[in-house]
Amino acid sequence: MIELSLADVAVATGGALVDGAEPTATVTAGVEYDSRAITAGGLFVALRGDSDDGHRFAAAAVGAGAVAAVAEERTGVPTVLVADTLMALGRIARAVVDRLPDTTVIGVTGSSGKTSTKDMIAALTARSGNTVAPVGTLNNELGHPYTVLQADRDTRYLVLECSARGIGHVAYLCEIAPPRIGVVLNVGSAHLGEFGSVEAIATAKGELVEALPADGTAVLNADDQRVRAMAQRTKARVVLFGTAPDADVRATDVAVDGAGRPSFTLHASGESVPVRLGLFGAHQVSNALATAAVALACGMPLPEVGSALGQLRPASPRRMDVFTRSDGVTVIDDSYNANLGSMTAALRALATIGADRRTWAVLGYMAELGRFEQTQHEQVGRLAAELGVDRVVAVEPEAAGIDQGARARAADSGWEGQSVQVPDQQAAIALLADEVRPGDVVLVKGSRYRTWQVADALRETADSALGDREAPA
Ligand SMILES: Nc1ncnc2c1ncn2[C@@H]1O[C@H](COP(=O)(O)OP(=O)(O)OP(=O)(O)O)[C@@H](O)[C@H]1O
Ligand SMILES: [Mg+2]
């Protein structure tokens, strides 16, 4: 956090200083919306949540050392009075970015892989300069400015995840922290229910490259036609990544080893290096190419990019976290979240890792799909059967479509696996406890929380590769 006077905060937010808020008083510590996180010299932003109203805690925050509260009403303590505290948080973050001309802002959007790729990019940029990136998935109108506010004059790179649940959301995040480099990974079906069509999702994601300046860089997936088409929507230099022959940052010779780890030859600007990832799933090649394109745009030489990619390990929990228990059962914990694209990627990884072993796909509900819900669940079940998964377990009645899809495929093609639908996570845990045998490979995946208990139960006997759990948002 860099220092701002309350006068600066008032200008940034269009707010009024009331109840003893002094224009020259200076914010020297963190901007927080949880009064318990306030330290001396901080600034408290009172947000109204579903369950509580931050305005009730303004006095406590000032008691704990906050210079003032930013609030929508008088709170009895020094206050910057604004119309909308969430917008004010964004504007304060923007004031910080405007004071950091030497910080390169990198935005990442896409339907799947934002957090994974953000972690990868941050690991590479951290090799050449101080990097601030959100922990986990802080990617919305609250987490985004909050992350930006962690930056200070030492910050060389600010790596941000930009999520969209509607048109204008990414544009808003880009107003908070105008990106110089913008990465669009893919356009899939996440939040299809809210958007109504894949085209609308493409429109929303493309707002990232529309926000780039002429001397910026748009990093676009050459293998996704909707992303490639975004080249028309930006003033910035376009760098295409992918396996397409015309990609500027390109992978050839893509292979996946028996443990599910991809390798490939990385090409850019006439040079090539071999890359062997320590991450799981063929889809990581795409994320790695996007990361390489960003690192190259930041001036990192290709050989260093290749070796840095090879050193990456899973960084955010519940995303392709693959581990083998002492009893020989391999667990693929990809339970963080799910949509059709990431289900497909994870099922393919399961098929590769479990090529000669018995495989289980324990799959939960995919949320926010609206009228596409039934067909996409069925598609996932069919794919599991097509890939030869031995046991499909659809968790909860909402995921019944997965079971139906697998059974339909069995009827059509003589798939020899079995599919069941169980009422809840506890039932899935009990089934797995009874029937999983040493040597089996178990994929666990669903929308947030829907299969987390299952993954944790499977983990109980193992040392996790990733200790920290992401708290429910
Ligand atoms: N390029 C990709 N294509 C398909 N699936 C992917 C890709 N990268 C990651 N995934 C999978 O997508 C899921 C979500 O990954 P991650 O958390 O990185 O994405 P996200 O876009 O940040 O998601 P969210 O919208 O929940 O923040 C994980 O299961 C992960 O393995
Ligand atoms: Mg995320």
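The legends below describe close-up views of a predicted model. Residues are numbered from 1 along each chain as its sequence is written, while chains are lettered from A and ligands numbered from 1 in the order in which they are written. In this predicted model, local features need pLDDT of at least 70 and side-chain atom pairs count only at pLDDT 80 or more, whereas totals for chains, interfaces and linings use all residues; side-chain values use heavy atoms, with hydrogens and water left out.

**View 1. The shell of residues around ligand 1.**
Ligand 1 is surrounded by 22 residues, and the closest are K114, S116, R319, D334 and K445. A residue belongs to this shell if one of its heavy atoms lies within 4 Å of the ligand. By class, the shell holds three nonpolar, 13 polar and six charged residues. In this scheme Ala, Val, Leu, Ile, Met, Phe, Trp, Tyr, Cys and Pro count as nonpolar, Asp, Glu, Lys and Arg as charged, and the others, Gly among them, as polar. Helices α4 (114-128) and α13 (340-353) each supply at least two residues of the shell. Helices (H or I, at least four residues) and strands (E, at least two) are DSSP runs, numbered from the N terminus.

T115 approaches an oxygen atom of ligand 1 through a backbone N or O atom, at 2.8 Å. From the side chain of E161, an N or O atom is 3.0 Å from an oxygen atom of the ligand. R448 places a polar side-chain atom 2.8 Å from an oxygen atom of ligand 1. Of the 620 Å² of accessible area that ligand 1 has on its own, the protein covers 94%. Accessible areas come from the Shrake-Rupley method with a 1.4 Å probe; for residues, only the protein chains shown count as cover.

**View 2. The second largest pocket.**
This pocket has a volume of about 630 Å³. It is lined by 20 residues, of which Y33, L47, R48, G49 and L142 are the closest to its centre. The lining comprises seven nonpolar, five polar and eight charged residues. A pocket is found on a 1 Å grid over the protein atoms alone, as an open set of points where a 1.4 Å probe fits, with protein on both sides within 12 Å along at least five of seven lines; lining residues have an atom within 4 Å of a point. Grid points are joined across faces, edges and corners, and the volume is the space filled by probe spheres set on the points.

**View 3. Two residues with positive phi.**
Most residues other than glycine have a negative phi. M320, however, has a positive phi near 40°. M320 is located in the loop between α12 (302-311) and β17 (321-324), and its relative accessibility of 2% makes it buried. Buried means under 20% relative accessible area, exposed over 50%, and partly exposed in between (1.4 Å probe, protein chains only). E396, which is not a glycine, likewise has a positive phi, of about 80°. E396 occupies the loop between β20 (391-395) and α15 (400-413) and is buried, at 17% relative accessibility.

**View 4. H377 in helix α14.**
H377 lies in helix α14 (residues 373-386). The side chain of H377 reaches the backbone oxygen of E373 at 2.7 Å. H377 counts as buried because its relative accessible area is 1%.

A244 is buried at 12% relative accessibility, and A247 is buried with a relative accessible area of 11%. The C-alpha atoms of A247 and L124 are separated by 21 Å.

D52 is found in the loop between β5 (43-45) and α2 (58-63) and is partly exposed, at 34% relative accessibility. From D52 to S35, 17 residues apart in sequence, the C-alpha to C-alpha distance is 12 Å. N339 belongs to the loop between β18 (330-333) and α13 and is buried, with a relative accessible area of 8%. N339 and V380 are 41 residues apart in sequence and 9.4 Å apart in space, C-alpha to C-alpha.

Key: Polar contact = N/O pair within 3.5 Å; in protein donor to acceptor, adjacent residues only side chain to side chain.
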